[in-house]
Amino acid sequence: MIVSSYNPAEPGDLVVAVEAAGSDGVGAAVERARAAQAGWWAAGAAVRAAALGRFAEAVEARAAELAALIVREVGKPVAEARGEVARTAAIWRYYAQAPFAPAGAVHEPAAGEGLLLTRRRPYGVAGLITPWNFPLAIPTWKAAPALAVGNAVVLKPAPEAVACALRLAELAVEAGLPADVFAVVPGGAEEGEALVAAADVVSFTGSTAVGRAVVAATSGRGVPVQAEMGGLNAALVLPDADLGQAAGHLAAAIAGYAGQKCTATSRVIAVGEAYEPLREALVKALAAVPAADPAEERTVCGPVIGEAALARITGAVDSARAAGATVLAGGDRADRAGWYLEPTLLEDVPAGHPLLAEEFFGPVAVLLRAADLDEAIALANATSHSLATSVHSRDLDTALAAADRLDAGMIRVNAPSSGVDFHLPFGGARSASYGSREQGQAVLDFYTASRTVTLLPAGTPR
Ligand code: NAD
């Protein structure tokens, strides 16, 4: 089978076509990675740290080329693509320090003499399954910590972003990582399932349905797994908020990269008298970020990833319209070739409509009204897959109270819901996330097994 990726801004532009690995190819890649892992681990902290540092340098040296590839392959606006490349380099550099972090602790025995140690050890081969929307940063934020603590990695990227992943594999060679320690296996569900069946630890990011299947299959083998899945994120706007600032942030969170971030805002909840002025400001702010060519410097909202995605999103907007919703902004395909939808805002969407219950991964949001903060929090929490929620208010007490009561993995005050620093734990609430958090230091534990060592002086009576 051939894996092909196409430019979403120019659907006739084939970015790459490669042979899929097939399940046998995945099994072979895992075996080769397993053989290479022992040497990578034995090489020691300084060797691993230096290699990860060189990976950062290789990314930086190719920054313009990599940003252009992201723009072409997944339609990310060029300013954001540059940001993703910079973040990718920063993640490699950050985890380049991790090999020297303490790998365990020393404890006092409960009674008597002796030394109690905990030590952390890599599992072996980390199987990484990634989506297309952050085609360099997500593979990196999984691979870099896994490699830092001594695992080898086999990456199964999304077919839509296979060229970016293959470029990362080339940079791994340039950075001097040993052969087979960082492998990429092109393919789709078959290859993903084969990786889940063979790896020693699995990390997944993607849609909720696939993530749940990956968790079930991996944990069924008794193998550690983490999964980051879809989000249905809310923004709460209080009457005391700086509404101009909030509208700007919301427009970025709704329309930025055509809403194709797991942390994008799809429900805007205006509290009390904030509703009317926010509606006006938000319609204006969305009009300022029209769907446009992602290669253009000022573009905020590019195309969505493909024809099927666009049909699904426009279908949901049309069905809301038919059910009595009002389209306040956008709602239609942009008048240009490529898979573009104008940034869209709706109000009076009936309760229970799919736009309020499912992730559509497009530049679309629903405006909701809440009488007070309590109702706003109840509306925000009325989903099982909340990843990131933003709160817009000038009052710190209100913002902190909301942050305590919101059921979300990440809460951002006076900031767009999208975007979290790479050195902080990243993940969602309830069904948006399974297992360990990603990013930051916590993830180093995920990629290692802990063992407890008890040392007693020779001759100690039992
Ligand atoms: P997807 O679930 O379709 O695919 C994700 C990956 O899983 C791809 O590599 C795909 O080939 C693979 N896959 C498909 N079927 C599989 C199977 N049966 N077994 C194993 N692997 C399989 O998601 P996508 O369309 O690539 O990405 C968009 C989704 O990713 C959105 O839902 C978005 O919210 C989510 N996402 C979440 C986060 C987060 O951190 N929470 C970050 C980015 C994207």
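Below is a short chat about the fold of a predicted model.

Q: What kind of model is this, and what pLDDT do local features need?
A: It is a predicted model in which local features need pLDDT of at least 70 and side-chain atom pairs count only at pLDDT 80 or more, while totals for chains, interfaces and linings use all residues. Residues are numbered from 1 along each chain as its sequence is written, and side-chain values use heavy atoms, with hydrogens and water left out.

Q: How many helices and strands does the protein chain have?
A: The protein chain has 14 helices and 18 strands. Both are DSSP runs numbered from the N terminus: helices are H or I with at least four residues, strands are E with at least two.

Q: What is the radius of gyration of the protein chain?
A: The protein chain has 23 Å, which agrees with the value near 23 Å that a compact globule of 462 residues would have. The radius is taken over C-alpha atoms, and the globule rule is 2.2 Å times the number of residues to the power 0.38.

Q: And what box do the C-alpha atoms fill?
A: Roughly 80 × 55 × 40 Å, taken along the principal axes.

Q: Sheets next. What is the strand order in the open sheet of seven strands?
A: The order is β12-β13-β14-β11-β10-β15-β16, and the pairing is mixed. Two strands pair if DSSP finds at least two bridges between them.

Q: Which strands stand at the edges there?
A: β12 (326-329) and β16 (410-413) do; each has a single partner strand, so one side of each is left without a neighbour in the sheet. From one strand to the next, the twist averages 25 degrees.

Q: How many bridges join β10 to β15?
A: Three bridges join β10 (residues 233-237) to β15 (residues 388-392), and the two strands run parallel. Val-237 has His-392 in β15 as its bridge partner.

Q: Which strands does helix α10 touch?
A: Helix α10 (residues 275-287) packs on the sheet and touches β10, β11 (265-271), β12, β13 (344-347) and β14 (364-370). Contact means heavy atoms within 4.5 Å. The direction of α10 makes about 170 degrees with that of β14. Angles run from 0 to 180 degrees between N-to-C directions, and axes are lines fitted to C-alpha atoms, for helices over the stretch in contact.

Q: What about α12, which strands does that one touch?
A: Helix α12 (residues 373-380) packs on the sheet against β10, β11 and β14, with its direction at about 165 degrees to that of β11.

Q: At what angle do α9 and α10 pack?
A: Helix α9 (residues 243-255) and α10 pack at about 50 degrees, with their axes 8 Å apart. They are therefore oblique to each other. The classes are roughly parallel under 35 degrees, roughly antiparallel over 145, roughly perpendicular from 65 to 115, and oblique for the rest.

Q: Which classes of residue make up that α9 with α10 contact?
A: The residues divide into 12 nonpolar, one polar and no charged. Ala, Val, Leu, Ile, Met, Phe, Trp, Tyr, Cys and Pro count as nonpolar, Asp, Glu, Lys and Arg as charged, and the others, Gly among them, as polar.

Q: Where else do helices pack, say α2 and α4?
A: The axes of α2 (residues 45-61) and α4 (residues 78-95) come within 7 Å and cross at roughly 165 degrees. That makes α2 roughly antiparallel to α4. Among the residues that meet are Leu-52 and Phe-55 in α2, and Val-85 and Trp-92 in α4. By class, this contact has eight nonpolar, two polar and three charged residues.

Q: How do the axes of α3 and α6 cross?
A: Helix α3 (residues 63-74) and helix α6 (residues 162-174) have axes that come within 9 Å and cross at roughly 160 degrees. That makes α3 roughly antiparallel to α6. The contact of α3 with α6 has seven nonpolar, no polar and three charged residues.

Q: Back to sheets. What order do the six strands take?
A: They form an open sheet in the order β7-β6-β5-β8-β9-β17, with mixed pairing. The edge strands are β7 (182-184) and β17 (433-434), each pairing on one side only.
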